[in-house]
Amino acid sequence: MNLMLRLQRQNRETLAVGYSDKQLTLTSGFATYNVDFDAVDATIGAVRLWVYNYPNNAVVRVDSVELYDTTDQLAAEANAVATTTLSGKVTSLEGTTTAQGQAITSVNAAIAATQAAGPNIVIDAGFEGFANGQVIATGIVGGSLLASGADMQTGVRSARLLRTAAANASNTDAYIGPIIRTTAGRVFYIEVYAKLDAAGASPGTTQFRFGMRTVSSAGVNSWTWAGSSVNISTFVGWTKISGYVTAPANTNTAQLLFSIPGANAVANAAIFLDNVIWQDVTDAYGAKTAADAAATGLSALTTTVTQQGGQITALGQQVNQVGASVAGKADTQVVQTLTAMVKDTMAGGGNLLSNTLFKDGRRGWGWWNSGNGTWNELGLVAGPEWAPPGLAHFGGFAPSNLALNTQFWAGDEQPVPVVAGKRYCFSAYINCHRVGLALLISFRDANGNTVGEQYSGPADATNIRPPITLERLKRLSASMVAPASAVYARVGYYLRGLGLSNNEGNYFWIFQPMLEEMREGQTGPSPYSAGGGETLAGYSLYVTADGLTGGMVTKNDGKVVDMKILANVLQILSPNQPEGIEMRDGYIRVWKGNSQRIIGTGFGGGDLMDYFGPNVGAAAANKMNATMWMDVNGNAYWGGSLSAGIWKNANRTSSTAANPYVEVGPFAAHGKQRVVVASFSTFSPTYTTWYDGRSSSNEPPPPAIASSTVLRLRRNVGAGLELVSQQAFPASAVLVNLTYHDRDAGIRELPNGGWQQEYYFACSGSFTATEPGSTFQNFIYEGAITTQAIPQIVSQTIAVVSTEEP
């Protein structure tokens, strides 16, 4: 009996379909079979696996069919071979260098442990196999889960989870993927991209959550959630949400679950879901932290000093390493690395352009005329194999045939100041397929008018194919003396259609563009120099003893200084003085003489957050010997001196409920005026939104939240509570991080390059009420949040303080 496996491929542009077949001869019992298909090229946008059995009327029982993308695995195997080869070479250098190679091997092993997670249990994670409108999950109460082509994170399909019923006690639960056998204690990772369906009803208080339904051997159901429910109004763009779930006791089977809780739901509110991951990560879960720490103990070392024409570029490094070991007893190692890269201009003017290595994507470069969208946006074209090693594969792509002599221009987006009467040269290495290309230097006057232009000689369809090296590429150049009225220059690329009929599209690549002021007697372009923004300084120090690594890394690229410290204890001490600062074990301690101050996350007796008192160290700090303390439960004590005659009553709570309250009292008034202050603060977790395909010049909109929290203060007057005051305070979105990543950064959420936006929501406020004098003996003040603006709460405080002065 035989099976035939067919891998169907679909072209991303033409949608043409092709396939390749593999044959399997089956045995009579259950067995695992593996089939490898040839790699697909960059023109393929989708694949689908078909399974056929023959001869006719044959019956084959199949337990599981899985299709994996093994690109990363093959790369890892290649890296392992390279590492083995390097290890062999390094060993010949003896002693400490061999020890460093062993450290690299150790870290690689730790990183490999983090990859020990199981495969994605969800077979069609992107719902690409469903037709538009097809039912994905059945038996859903008060809603539906259907495939949709209206809005996708990637591909042509997503899932639309719709709540059709108004708020009630029934949840809209959608179970997807297979039911798997598992056991208690297994850890699962769940990830999904979510986006609000703006075409649905206004979400209001509608929330979303995900997790697993597990069933015991006795048939008892349990529902375990990955974190808290999140208001779907926060998913204004495609947002990745993720979490971990641990299978509870007596678990026998498990299934993935998406849910809209019924209690706060709004009828016809909906969200899109895409690219689901559900993995058993038990083996990798505990290894990740250790691997991350170990990985920081590596640094790549290179040394280069070059002179190119009138430019000197120097990259200098000093690497010092010492090591000592006693077999079976101890092993120590110290590695120090110093890195400095600088450029010195000698006779020439250097490269006047910035971002010429395209490390910042297309920043500073763009289309002047792309033929109304004939060409795609400038960026990384095809794959890295289309660039010389170490350079970005930057250029343009036009999917359609170009008519003969159709013309297009691209180039820099920022004018470069020039001096009239000086000769300037623009040069670049180029490669072009099925299109002609030339370089252009254009001089402009103060009003932006063109006062002189010079083109290089043309290059028609150079068609260089991998392996790509600078030696194989053509270097074009154009030079001209700046006219008398010229104040700035623009440089660009002139593209000309060749009328070639093809089904592969039109490509061009640009490498190492350079605009320079030419020296006297210079007849051609100088060797390339990087230009602005290509400096780097760095320092690293790692100390290892018996497998424990600590140290620091500092990097400065002229834009950002990044410093990381890996240590259990960090101390800053004054020479010959009984004072200092230390950071360790989750707390910061400052001491001088007989006093100390400590701030942390549970030190001393285990529940202190803030301490001031005698200098007895952190372990001996406690509430009994403190002058002042605050604990993790929201309690506080001040043992210092207070102004005599003031009556003060206060209370606070750190409850994360949506509508918390706190009471002060009962207490007796003394006939004087009272000042009562009510205050609160609420914070959400940090969310991450990915904007795939958004260009570096098009920042995403800032995060926003359009709701307010209402704080209410009431007092009792014997029989009940009456309102003193209440106020509404608008919430705000706080941007934590906004970073653009190129497509070659390797971020899974940004396959086409784009923006990473991190933010959280916050709301806080206070008001003061002045109360008239009274001698009432049982005053109670209540502070409460009656309307909550923050959809998901990780930290919250509400407090009421009553002060009566004589």
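Arg584 is partly exposed at 30% relative accessibility (buried means under 20% relative accessible area, exposed over 50%, and partly exposed in between, with a 1.4 Å probe and protein chains only). The side chain of Arg584 forms a salt bridge with that of Asp585, at 3.2 Å from N to O (a salt bridge is a side-chain nitrogen of Lys or Arg within 4 Å of a carboxyl oxygen of Asp or Glu). Asp585 is exposed, with a relative accessible area of 57%. The model is predicted, with pLDDT of at least 70 needed for local features and 80 or more for side-chain atom pairs, while totals for chains, interfaces and linings use all residues. Residues are numbered from 1 along each chain as its sequence is written, and side-chain values use heavy atoms, with hydrogens and water left out.

The structure holds 21 salt bridges. Another one of them joins Arg597 and Asp610, whose closest N and O atoms are 2.7 Å apart. Because Arg597 lies in strand β36 (residues 595–603) and Asp610 in strand β37 (residues 608–614), this pair ties together parts 13 residues apart in sequence (strands are DSSP runs of E, at least two residues, numbered from the N terminus). Arg597 is partly exposed at 34%, whereas Asp610 is buried at 9%. A salt bridge also forms between Glu749 and Arg748, with the closest N and O atoms 4.0 Å apart. Glu749 is buried at 7% relative accessibility, and Arg748 is partly exposed at 46%. Through shared partners, salt bridges join Glu191, Lys240, Arg748 and Glu749 into one network.

Aromatic rings were examined next. Rings of Phe, Tyr and Trp (its six-membered ring) pair if their centres lie within 6.5 Å; planes under 30 degrees apart count as stacked, over 60 as edge-to-face and the rest as tilted. The count by this rule is 30 aromatic pairs. Among them is the tilted pair of Trp367 and Trp375, with 5.5 Å centre to centre and 35 degrees between the planes. Trp367 is buried at 17% relative accessibility, as is Trp375 at 4%. Tyr687 and Tyr759 form a tilted pair at 5.8 Å centre to centre, with 40 degrees between the planes. Tyr687 belongs to strand β43 (residues 687–692) and Tyr759 to strand β47 (residues 754–771), so the pair ties together parts 72 residues apart in sequence. Tyr687 is buried at 6% and Tyr759 is buried at 2%. Ring pairs also link a cluster including Phe358, Trp365, Trp367 and Trp375.

Methods. Helices (H or I, at least four residues) and strands (E, at least two) are DSSP runs, numbered from the N terminus.
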